[in-house]
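Here are a few friendly notes to read alongside the structure.

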Amino acid sequence: MASISIRNVSKSYGRTPVLHRLEIDIADGEFVSFLGPSGCGKSTLLFCIAGLEEITVGEIRLGDRAMGRTPPRDRNIALVFQDYALYPHMRVRDNIAFPLLQQSIAAETVRGQVAWAAELLGLETLLDRLPAELSGGQRQRVAVGRAIVRNPAALLMDEPLSNLDASLRVRMRTEIKRLQKELGLTVVFVTHDQEEAMVLSDRIAVLDGGVLQQFAEPMTVYREPANQFVASFIGSPQMNFLPGPMAGGALDDRSLLGVRPHDLVPVHRAPDGVLAVEGTLALVEPAGPVTYLDVALADGSLVKATCADPRGHQPGERLTLAVPRHRVSIFDAASGVRTGALAVATGEDSNDMKAMAHGL
Ligand SMILES: Nc1ncnc2c1ncn2[C@@H]1O[C@H](COP(=O)(O)OP(=O)(O)OP(=O)(O)O)[C@@H](O)[C@H]1O
Ligand SMILES: [Mg+2]
């Protein structure tokens, strides 16, 4: 395995710039996701690491080697594509063995490596099938088997789960994580699904328009988003943004307050240390473990809050919503940059806060 160092990397297609001065250092054995909206440059960056695309400026290092113009086959990097790109006329065992057959490796070693990968991925009984005879999840496993069979220095995956249905996606992502831990793999995982990135990654690189917005651990990205873009892209439902003056005097319209729906709950009595807002309940949306409440504020804007138990809430009723002050992010309204929180987090929430978290 190896570290991956992306240093001051820019890339243009002709005159169109796609990646801008990216600096991302991925440690040996780390799981990093590239996360961002469609067209932000995730696949391009992945292909640059793999050597399938040339970078315009900067340097990419694998371990202590600068890649320069090293061709893909000499980088010892494996890539799993979104559509898996299996050979339709080859049986599973030959699809998995393919990268080894390219390298004149002894037949005995090839058999051993294929058996190892097949066992790791639960493919032992499927080795003689053709790809057309497999389910989507099984095909995905074969693609991963083909990627790891030659012990690559790093495993790159471009939206590998996006063709699977929701429950299979969740199962497969657990398998990928298990495999990564078991083998100590360095993994770069491209996704536009923020939840997938959150649960899988040691760190997430959030990209927008080819510019790195933040590179940090999942909970840091969630709790301390670098800017409004990251704050909106991470977390579902989206963060609420309120005008600065609603903080009660200390802030003006040059600031925005960011409040996550999961931190904003209805209360009978707002305890000390909270930011409270009043509004009228517009819509109740039960979503299983929590219920979302759409609440119209005096200025006509809607905020989304959550409660554990929807019983007793009726559209039209007046509500007081509260959020602990340390859970309120402050953003500069002009630049969108996060400048801090309304209060410093203390180690322990008060009993009032705990009661509030349960909507009491
Ligand atoms: N061969 C190419 N020539 C010109 N422009 C390209 C080429 N390939 C990609 N682009 C452009 O580069 C930008 C980044 O594309 P890229 O495929 O990296 O995005 P992405 O983040 O992977 O998006 P998605 O989530 O849709 O896969 C896009 O604006 C795209 O139109
Ligand atoms: Mg892509």
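1. The C-alpha centres of domain 1 and domain 2 are 38 Å apart. Domain 1 covers 4-224 and domain 2 covers 237-357, with bounds from an automatic or database domain assignment.

2. A word on reading these notes: this is a predicted model, where local features need pLDDT of at least 70, side-chain atom pairs count only at pLDDT 80 or more, and totals for chains, interfaces and linings use all residues. Residues are numbered from 1 along each chain as its sequence is written, while chains are lettered from A and ligands numbered from 1 in the order in which they are written.

3. Which residues surround ligand 1? They are Y13, T16, V18, G36, S38, G39, C40, G41, K42, S43, T44 and H192, counted when the C-beta atom, placed from the backbone, lies within 6 Å of the ligand. Two or more of the shell residues come from each of β2 (16-26) and α1 (42-50); α1 gives the most, with 3 residues. Helices (H or I, at least four residues) and strands (E, at least two) are DSSP runs, numbered from the N terminus.

4. By type, the shell around ligand 1 has 3 nonpolar, 8 polar and 1 charged. Here Ala, Val, Leu, Ile, Met, Phe, Trp, Tyr, Cys and Pro are nonpolar, Asp, Glu, Lys and Arg charged, and the others, Gly among them, polar.

5. Do look at where G136, G137, Q140 and I148 in α4 meet L168, M172 and L183 in α5 (C-beta atoms, placed from the backbone, within 7 Å). The residues of this contact of α4 with α5 divide into 4 nonpolar, 3 polar and no charged.

Conventions
Two residues are in contact if their C-beta atoms, placed from the backbone, lie within 7 Å.
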